[in-house]
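The sequence and structure are shown first.

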Amino acid sequence: MSERKVRVRFAPSPTGPLHIGGVRTALYNYLFARQHGGDFIFRIEDTDSNRFVLGAEEYIIESFKWLGLEFDEGVGIGGDCGPYRQSERRDIYKHYVQELIDAGKAYYAFDTPSELEAKRAEVKNFQYDASTRMAMRNSLSMPADEVRGLIDGGAAYVVRFKIEPGEDVHVNDIIRGDVVINSSILDDKVLYKSADGLPTYHLANIVDDHLMRVSHVIRGEEWLPSAPLHVLLYRAFGWEDTMPQFAHLPLLLKPEGNGKLSKRDGDRLGFPVFPLEWHDPKTGEMSSGYREAGYLPEAVINFLALLGWNPGTEQEIMSLDELIRLFDLHRCSKAGAKFDFEKCKWFNHQYIQRCDDTDLARQMQPQMEAEGVTAPLDKVAKVVGMMKGRVSFVKELWDTCRFFFVAPTEYDEKTRKKRWKEESPRQMLELADVLEGIDDFSLHNQERIVMQWIEEKGYNTGLIMNAFRLAIVGEGKGPQMFDITEVLGKEETLRRLRRAVEVLK
RNA sequence: GGCGCCUUCGUCUAGUGGCCUAGGACGUGGCCCUCUCACGGCUAAAACACGGGUUCGAUUCCCGUAGGCGCUACCA
């Protein structure tokens with residue numbers, strides 16, 4: 001098995017919003033597919049009708065749209081291996097389950113859920129397997145005619161996989177190497193449920209991956225314990241020679257304490273664990289998303305890519321194309337990774353710096369308009385270019401840029417105490433006169449003339465500039481003063497300066 | 001409980017027997033830059049879980065212990 005075309009899939013269950021850990025799994029699948037010129041398949045695993053959540057599928061699709069990760073085939077796209085929604089593949093599974101039953105590799109079991117529950121309560125580590133199945137109610141322990149009668153009579157039953165005990169099952173994992181589990185510890189897994197007439201994940205998964213010609217199964221580590229079962233299923237169907245290669249990814253852990261990253265962590269620590277905002281249709285509660293929180297999809301992707309993988313160099317900022325080129329399953333780590341929200345923020349900061357100023361300016365427009373501020377786009381872009389270095393999120397941009405467009409109405413008290421001296425009003429008035437006399441209000445011209453004035457008067461540069469800043473900005477921060485005043489223009493600069501003198505005295 | 005996976009700075013990680021006085025990044029502190037605040041640059045503190053082996057030599061190989069995580073459903 002070698003020259004097969006690379007085909008991978010991302011197969012979530014529509015049980016709620018797409019978890020960020022799921023996004024990473026999808027990303028690794030995507031990178032792997034693209035690198036090998038393979039296909040990236042989108043399958044919906046909705047074999048548990050009880051956990052189905054309305055809108056989840058649409059949410060997942062929208063998430064990938066936002067992230068810029070495109071599928072080649074699957075739900076909503078099509079392809080020649082459809083349908084791609086498991087609930088629409090009932091007949092297919094039925095056929096394959098029957099095949100297993102006919103071959104004596106699976107059997108009917110009539111034990112009800114409550115009977116099993118009672119059994120588990122009664123026997124300490126009860127497991128439905130070779131050692132116990134003959135004492136249960138199934139087609140192995142009961143006479144054939146009784147079984148027939150039960151089925152014909154419409155009795156509820158499940159189909160269980162008959163696991164032969166005492167065999168070491170090897171799972172060759174790309175990330176973890178040879179993992180061996182003895183079949184005796186495996187139970188006779190339910191393959192087909194009585195409740196909703198649908199297969200369980202295990203059966204549907206194997207059948208679909210085979211029929212969809214999936215070459216590599218890249219999924220979370222939580223599946224590692226059931227991988228031997230999957231190997232046994234491939235073998236039972238006689239598909240072992242085309243069995244996909246496995247790669248079990250390390251889990252994403254809570255930022256603090258222990259355990260798997262969960263929705264609660266996001267709420268508690270105040271950061272999103274979902275790509276998009278999610279409104280639970282049942283409870284009505286809302287969970288924040290990366291998109292709404294102001295993250296750039298490229299930053300989220302870059303950050304996620306490095307959670308459990310690294311290129312082996314010291315490069316950390318990588319575009320999607322670079323990730324596709326550099327990604328390597330063999331370089332994935334084995335241990336779970338704690339989610340570091342601060343670093344994710346840093347990535348976003350980095351990506352904002354790489355954004356086009358005009359683009360950023362456009363994204364800021366709604367906030368400006370909300371405050372009734374209008375300004376030419378090129379001017380806004382210029383300001384944004386000056387200010388973006390100090391923000392981590394686009395939505396912080398307007399706050400840091402506002403003073404360019406809105407004159408201060410009040411002055412920061414701490415800065416006033418520190419920077420506004422007794423002589424400041426007089427000096428600022430003098431400065432206003434100096435500025436008024438400048439015809440060419442360009443940055444360099446202003447600087448030359450003002451500095452010359454400071455020197456002639458023997459003033460302290462810091463004192464002048466800081467008081468000037470307080471007057472123009474309203475507080476003690478911002479870019480170089482003449483960068484600001486050049487944008488403001490002479491008229492606005494003088495207006496702010498003279499008003500400050502009036503207010504601050 | 002059983003089974004499996006895992007274990008390098010607070011966090012993400014590099015490291016595949018000598019290059020390690022263990023490297024980078026986030027975060028934290030300091031310094032520089034400077035008209036302020038950021039950015040940036042420099043710098044500091046900060047880790048090989050523990051115990052046995054193997055070896056001339058172990059972060060690196062083996063065993064054990066501990067700890068963490070996962071699975072153990074007619075959920076995925």
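This is a predicted model: local features need pLDDT of at least 70, side-chain atom pairs count only at pLDDT 80 or more; totals for chains, interfaces and linings use all residues.

A disulfide would require the two sulfur atoms to be within 2.5 Å. Cys401 presents a related case: its closest cysteine sulfur also belongs to Cys355, and at 14 Å it is too far for a bond. Cys344 is buried, with a relative accessible area of 1%, and Cys401 is buried as well, at 0%. Across the whole structure, the search finds 0 disulfides.

Aromatic rings are the second topic. The count of aromatic pairs comes to 29. One of them joins Tyr96 and Phe237: the ring centres are 5.8 Å apart and the planes stand at 85 degrees, so the pair is edge-to-face. This pair links distant parts of the chain, since Tyr96 belongs to helix 3 (residues 90-102) and Phe237 to helix 7 (residues 227-237), 141 residues apart. Both residues, Tyr96 and Phe237, are buried. Elsewhere, one aromatic cluster is formed by Phe271, Tyr290, Tyr295, Phe303, Phe339, Phe341, Trp346, Phe347 and Phe393.

Arginine side chains also meet tyrosine rings, with the charged end sitting over the ring in the cases of Arg24 with Tyr28 and Arg160 with Tyr128.

| Charged residue | Ring | Distance from charged end to ring centre |
|---|---|---|
| Arg24 | Tyr28 | 5.3 Å |
| Arg160 | Tyr128 | 3.7 Å |

Methods:
Residues are numbered from 1 along each chain as its sequence is written. Chains are lettered from A and ligands numbered from 1 in the order in which they are written. Side-chain values use heavy atoms; hydrogens and water are left out. Rings of Phe, Tyr and Trp (its six-membered ring) pair if their centres lie within 6.5 Å; planes under 30 degrees apart count as stacked, over 60 as edge-to-face and the rest as tilted. Helices (H or I, at least four residues) and strands (E, at least two) are DSSP runs, numbered from the N terminus. Buried means under 20% relative accessible area, exposed over 50%, partly exposed in between (1.4 Å probe, protein chains only). A charge sits over a ring if NZ of Lys or CZ of Arg is within 6 Å of the ring centre and within 35 degrees of the ring normal.
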